Amino acid sequence: MTKVWFSPLNPNFDISQIQEKVLSLYNAAGFQKIFKAKEYTAIKIHFGEKNNTGHIKPQWIKPLINVIKKSGCKPFLTDTNTLYRGQRFNSIDHLMQAYEHGFSIENLGVPVIIADGLLSKNFSEVPVKGKHFKSVKIANDILHSHSFVVLSHMTGHILTGLGAAIKNLAMGSAPRSGKQVQHTDIKPEVNPEKCQACGLCITWCPKEAIDLYDGVARIELDKCYGCAECIATCRYQAINHSFSNASIPLQEKMAEYALGAVKDKKGKVCYFNFLTHISKECDCMGKAQDKLIQDIGILASYDPVAIDQASIDLLNEKAGNDILSQLWPENDYNVQISHAEKIGLGTREYELVYVE
Ligand code: SF4
Ligand code: SF4
């Protein structure tokens, strides 16, 4: 059975407590064997969209970075550019956003590299044996790294119900074109009775697929590539995705991208899931979001499937119900976990090991 190490957090944890927990998990899991002198190490993290407050904080991971550096490897923090038009849409704005949230070389002693390059063209095709894909597009600076640390903040998600390690790997390792092909089944639909013609969705749509017609937003589906930015942006809940099954192929495709991201890194990847400030939507939301529940703790594993399954189980145990399914009844998060297991990314069977 795969081990997942878990360290619970006090409700009002301070920075030193969370730093110590991360290091205790690193030591308990024996992650030091992953890192070798002179090898390149990608540390995947979401820097948080502008005005987002729930993301993993740079101070929390500083001692982790220091201990990884002791191996003599060359670590860097990384992410890829987004499909939607926010502060992480191109490498320049993305880097500025990372620095604004404190992910700087001065604070952490390692550089930030946006893995898919300035225009998101820096990627290679990686063969996979999937239901949807024969190959997936993976950002080169992640692909060319020898080892990989995947730091995921667990949240709910507007299209997939759950965002944790599998989603972080899948979307976070893909260039924009790779994100686009994962989203192609999502088709947004406007409810004319709810639309207030405010035009905000028009401003945010990266494909200029929306206009106003007769006082109602209208979407040209031929232009739309399903990024869901309009769904997330509308304050009146006037846009939804048009059929409930759209989440299923998206999540299956995510699992196949996640597989491609780590395919050549057997024994060279470690995962941390942060069950802190768990919110209804992900850190791509450019706003502060409420916590759904008290902070739970941090998990570590060599297996992205096991760590996500354990994260969900701990959340549900703490909440006393399947909280993300209730929030996103049309997006069954089990799809990503079970498809990932089916294609060989990992296992849902795990042993939880408590670490102080
Ligand atoms: S953001 Fe919502 S309310 Fe505003 S125009 Fe778009 S669909 Fe209508
Ligand atoms: S219309 Fe399509 S491309 Fe435009 S924001 Fe909505 S989902 Fe994205």
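Modeller: Strand E14 (269-275) and strand E15 (residues 297-301) pair in the antiparallel sense, over 5 bridges. Strands pair in this sense if DSSP finds at least two bridges between them. Strands (E, at least two residues) and helices (H or I, at least four) are themselves DSSP runs, numbered from the N terminus. This is a predicted model, in which local features need pLDDT of at least 70 and side-chain atom pairs count only at pLDDT 80 or more, while totals for chains, interfaces and linings use all residues. Residues are numbered from 1 along each chain as its sequence is written, and chains are lettered from A and ligands numbered from 1 in the order in which they are written.

Phe-272 has Ala-300 as its bridge partner in E15. E14 is also joined to strand E7 (residues 147-153), by 6 bridges, and these two strands run parallel. There, His-153 has Phe-274 of E14 as its bridge partner.

Is E14 enclosed or open? It is largely enclosed by the rest of the structure, because 7 of its 7 residues are buried. A residue is buried if 20 or more other C-beta atoms, placed from the backbone, lie within 10 Å of its own, exposed if 12 or fewer do, and partly exposed in between. In a regular strand the side chains alternate between the two faces of the sheet. In E14, one side carries Val-269, Tyr-271, Asn-273 and Leu-275, the other Cys-270, Phe-272 and Phe-274, and all of them are buried.

The loop between helix H10 and E14 holds Lys-263. Lys-263 counts as partly exposed because 16 C-beta neighbours lie inside 10 Å. Leaving out residues up to four places away in sequence, Lys-263 touches Val-126 and Val-128; contact here means that the C-beta atoms, placed from the backbone, lie within 7 Å. Lys-263 and Val-128 are 135 residues apart along the chain, yet their C-alpha atoms are separated by 8.4 Å.

H10 (residues 247-262) has 16 residues and reaches 23 Å from its first C-alpha to its last, close to the 22 Å expected at 1.5 Å a residue. That expected span is 1.5 Å times one less than the number of residues. Of the 16 residues of H10, 14 are buried, so the helix is mostly covered.

The contact between them takes 7 residues from domain 1 and 9 residues from domain 2. On the side of domain 1 that touches domain 2, the residues divide into 5 nonpolar, 1 polar and 1 charged. Nonpolar covers Ala, Val, Leu, Ile, Met, Phe, Trp, Tyr, Cys and Pro, charged covers Asp, Glu, Lys and Arg, and the others, Gly among them, are polar.

Two ligands complete the picture. Ligand 1 has 14 residues around it, of which Cys-195, Cys-198, Cys-201, Ala-217 and Cys-234 come nearest; a residue counts as near if its C-beta atom, placed from the backbone, lies within 6 Å. This shell has 11 nonpolar, 3 polar and no charged residues. Ligand 2 is surrounded by 14 residues, the closest being Cys-205, Cys-224, Cys-227, Glu-229 and Cys-230. The shell of ligand 2 divides into 11 nonpolar, 1 polar and 2 charged.

Technical notes: Contact = placed C-beta atoms within 7 Å.
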